[in-house]
Amino acid sequence: MKVIQDPQAMSNYAQGLRRRGKSIGFVPTMGYLHAGHLSLIKRARKETEVVVISIFVNPAQFTPREDFKKYPRDFKRDRKLSKDSGVDVIFNPKPSQMYAQDYATYINVERLSKVLCGRSRPGHFRGVTTVVAKLFNIVKPTISYFGQKDAQQAILIRKMVKDLNMDTKIKVLPIVRENDGLAMSSRNKYLSPEERKDAKILFQSLQEAKKMIKCKERNSSRIISSIKKILVSKKSAKIDYVEIVDACSLRPQKRLEGQALIALAVWIGKTRLIDNMIVKAKDR
Ligand code: AMP
């Protein structure tokens, strides 16, 4: 397994691979790897010849008061997990190598970047789409793998790739969860033991929504109310948002139809967690 820090060296290496007709599977991450990341790596391993992951805590996607500095990092552990999962290349640039002093170019997906998490994290998605576009240019992936855990991010990236005619295929894989249903996330590390117990309420509230929908409930505000009621039953939980939107356009749905995305963001103590569920017509 190779570790490459320099973007130009990564770009040259990827160019060589593509010239030799090799397919590149790419998994962008911020590191502190868990089973969610590994599921993406495993799929890339199956479907492509050379697997590249990036480990880069991207300063551009953190708003000023967020956790950029304290975001968990453990490169040694990530390197071992990557090697054991069959990664061929870790691309691990420094922020100064990705953003020169005079850096000035950003990508913004209009409207989609302003709703849901975009409302509470202004500028976040501009940072995400910018870094992912840069990573695509550097790594030149044939297929790029993302997690449904970050549903809005995946939708924005698909849109960017389509709108800007980018030459990579996007695959979005299911959310990997802990035994009690909590969606795996590097940020789960911030939770105290008590908060960790409370955090399963996100998944439980989505399960309740699923039950209501099975029992023919279609009214979004009634479903949202039930979810909120369950969430606030935990003292440490403070709701950022609970919304039901169209799974492609992210426009609010008053009644469930087509593919609906139930998305929520909840503070558990000082940690902001997200989770979501897609409801397809056949599930209803
Ligand atoms: P991150 O390191 O948090 O930026 O995540 C890197 C990639 O892994 C993104 O595409 C995430 O959506 C995906 N991911 C993170 N957590 C999970 C999870 N629990 N299940 C599936 N994919 C995940």
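Me: Which residues come nearest to the ligand?
Reply: This is a predicted model. Among the 17 residues around the ligand, the nearest are Met 30, His 37, Asp 150, Val 176 and Met 184.

Me: What does His 37 do there, in terms of distance to a ligand oxygen?
Reply: One of the polar side-chain atoms of His 37 is 2.8 Å from an oxygen atom of the ligand.

Me: And Asp 150?
Reply: Asp 150 also has a polar side-chain atom by a ligand oxygen, at 2.6 Å. With Gly 147, a backbone N or O atom lies 2.9 Å from an oxygen atom of the ligand.

Me: How much of the ligand does the protein cover?
Reply: On its own the ligand has 480 Å² of accessible area, and the protein covers 93% of that.

Me: Which helices and strands supply the shell around the ligand?
Reply: At least two residues each come from strand E2 (24-29), helix H2 (35-47) and strand E5 (143-147). H2 has the largest share, with three residues.

Me: What's the shell like, polar or nonpolar?
Reply: It divides into nine nonpolar residues, six polar ones and two charged ones.

Me: OK, zooming out. How many helices and strands in the protein?
Reply: There are 10 helices and nine strands. The radius of gyration is 19 Å, close to the 19 Å that the globule rule gives for 284 residues, so the protein is as compact as a globular protein of that length.

Me: What box do the C-alpha atoms fill?
Reply: Roughly 55 × 40 × 40 Å, taken along the principal axes.

Me: How much of it is buried?
Reply: Buried residues account for 52% of the 284. The protein exposes about 14,300 Å², and carbon and sulfur atoms supply 50% of that area.

Me: What about contacts across the sequence?
Reply: Taking contacts between residues at least 6 apart in sequence, 73% join residues at least 24 apart.

Me: Is Gln 253 buried or exposed?
Reply: Buried. Its relative accessibility is 8%, and the cut-off for buried is under 20%.

Me: What is Gln 253 in contact with, leaving aside its sequence neighbours?
Reply: Beyond the neighbours within four places in sequence, Gln 253 is in contact with Ser 220, Ile 244, Val 245, Asp 246, Gln 259 and Ala 260.

Me: How far is Ser 220 from Gln 253?
Reply: They are 33 residues apart in sequence, and the C-alpha to C-alpha distance is 6.8 Å.

Note on methods:
Residues are numbered from 1 along each chain as its sequence is written. This is a predicted model: local features need pLDDT of at least 70, side-chain atom pairs count only at pLDDT 80 or more; totals for chains, interfaces and linings use all residues. Side-chain values use heavy atoms; hydrogens and water are left out. A residue is near a molecule or strand if one of its heavy atoms lies within 4 Å of it. A polar contact is a pair of N or O atoms within 3.5 Å; within protein, one must be able to donate a hydrogen and the other to accept it, and residues adjacent in sequence count only if both atoms are side-chain atoms. Accessible areas come from the Shrake-Rupley method with a 1.4 Å probe; for residues, only the protein chains shown count as cover. Helices (H or I, at least four residues) and strands (E, at least two) are DSSP runs, numbered from the N terminus. Ala, Val, Leu, Ile, Met, Phe, Trp, Tyr, Cys and Pro count as nonpolar, Asp, Glu, Lys and Arg as charged, and the others, Gly among them, as polar. The radius of gyration is taken over C-alpha atoms; the globule rule is 2.2 Å times the number of residues to the power 0.38. Buried means under 20% relative accessible area, exposed over 50%, partly exposed in between (1.4 Å probe, protein chains only). Contact means heavy atoms within 4.5 Å.
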